[in-house]
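Hi everyone, thanks for coming. Have a look at it first.

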Amino acid sequence: MEYVKPTVIAEVGCNHRGDMEIAKELIKTAAIYCKADAVKFQKRCNRELLTREQYNAPHPNPMHSYGKTYGEHREFLEFTIDQHKELKEYCEQMNIVYSTSVWDLTSAKEVAGLHPAYIKIPSACNNHFRMLDWLCENYEGEIQISFGMTTHAEEEKIVRLFEDKGRSRDLTVYVCTSGYPVPFEDVCLLEINRVKDTYGERVKQIGFSGHHLGIAVDVAAYTLGASVIERHYTLDRTWKGTDHAASLEPEGIRKLKRDLMAAYTALHYKEKEILDIEAVQRNKLKYQEH
């Protein structure tokens, strides 16, 4: 297997707590301290995405809610498209890639107008075929899709849509288990082999989107063939909000990038039987028959 340089995406999502200054601090820290390759936010049109009943219902976990109803909670955490434009410009200043997950057609159209390098489709919306069709027809950048909580038949339908539209070489698919956090036995890393064997020659690349604890699993995912590693990212895992507990703090993202680059540097065969670094030790230590 030929390994490509790993890409690390620090997924802010809504861990900014609805605060632009926190969002910019997350960008700056990801770029300068963590040395991540990209940050990713979320964009939702909550009136379109949620039914009236869902919008007006209480948050299922009230201690994590930023509003009296689930709809108010989601609106509190939502940035306008002008704010996303400001975040994209700040990412460019910090020399890190900006991206956003889109959850509905309105958001897809708004974000596509910012011309980011790529747009992400979360697992929850990967069967929104009207949105996928519109992006294939109207958005020129790369499209990334998570395969969490998705059947094999649904995966095939998604990839075939992109093939029919002539866009499959712009598609990255992520192996993912949808849970927050996910215990190690449910990460199911060998799904990377299945997805790579099935779609590796049909799409641009395979990624891994993890919601587990720690960073050891991500390095294993990379060695199995996931060249893009995406992890939720926060400044403080104890903050209010359901995603923080399944996120990495800056030190975790920094170490993840460090360890992935170490693995990338090491993953090749010897260029000759005795390396130069070994020759010195061989002359000094190797047993010689007298």
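**The chain as a whole**

Okay, so we have 12 helices and eight strands in this chain; helices here are DSSP runs of H or I with at least four residues, strands are runs of E with at least two, and both are numbered from the N terminus. The radius of gyration is 21 Å, close to the 19 Å that the globule rule gives for 290 residues, so the chain is as compact as a globular protein of that length. That radius is taken over C-alpha atoms, and the rule is 2.2 Å times the number of residues to the power 0.38.

Quick housekeeping: this is a predicted model, where local features need pLDDT of at least 70 and side-chain atom pairs count only at pLDDT 80 or more, while totals for chains, interfaces and linings use all residues. Residues are numbered from 1 along each chain as its sequence is written, and side-chain values use heavy atoms, with hydrogens and water left out.

Along its principal axes, the C-alpha trace spans about 90 × 45 × 40 Å. Buried residues are 50% of the 290, with buried meaning under 20% relative accessible area, exposed over 50%, and partly exposed in between (1.4 Å probe, protein chains only). Of the contacts with a separation of 6 or more, 68% come from residues 24 or more positions apart; a contact is heavy atoms within 4.5 Å.

Met-149 has a positive phi of about 40° although it is not a glycine. You'll find Met-149 in the loop between strand 5 (142-146) and helix 8 (152-164). Is Met-149 buried or exposed? It's exposed, at a relative accessible area of 60%. Beyond its neighbours within four places in sequence, Met-149 touches Ser-123, Ala-124, Glu-154 and Ser-178.

Now follow that to Ser-123, which sits in the loop between strand 4 and helix 7 (129-138). Ser-123 has 9% relative accessibility and counts as buried. Again skipping neighbours within four places, Ser-123 is in contact with Ser-146, Phe-147, Gly-148, Met-149, Cys-176 and Ser-178.

Look for His-115 in the loop between helix 6 (105-112) and strand 4 (118-121).

Last one: the peptide bond from Tyr-180 to Pro-181 is cis, with omega near -10°. Pro-181 is in the loop between strand 6 (171-176) and helix 9 (191-199).
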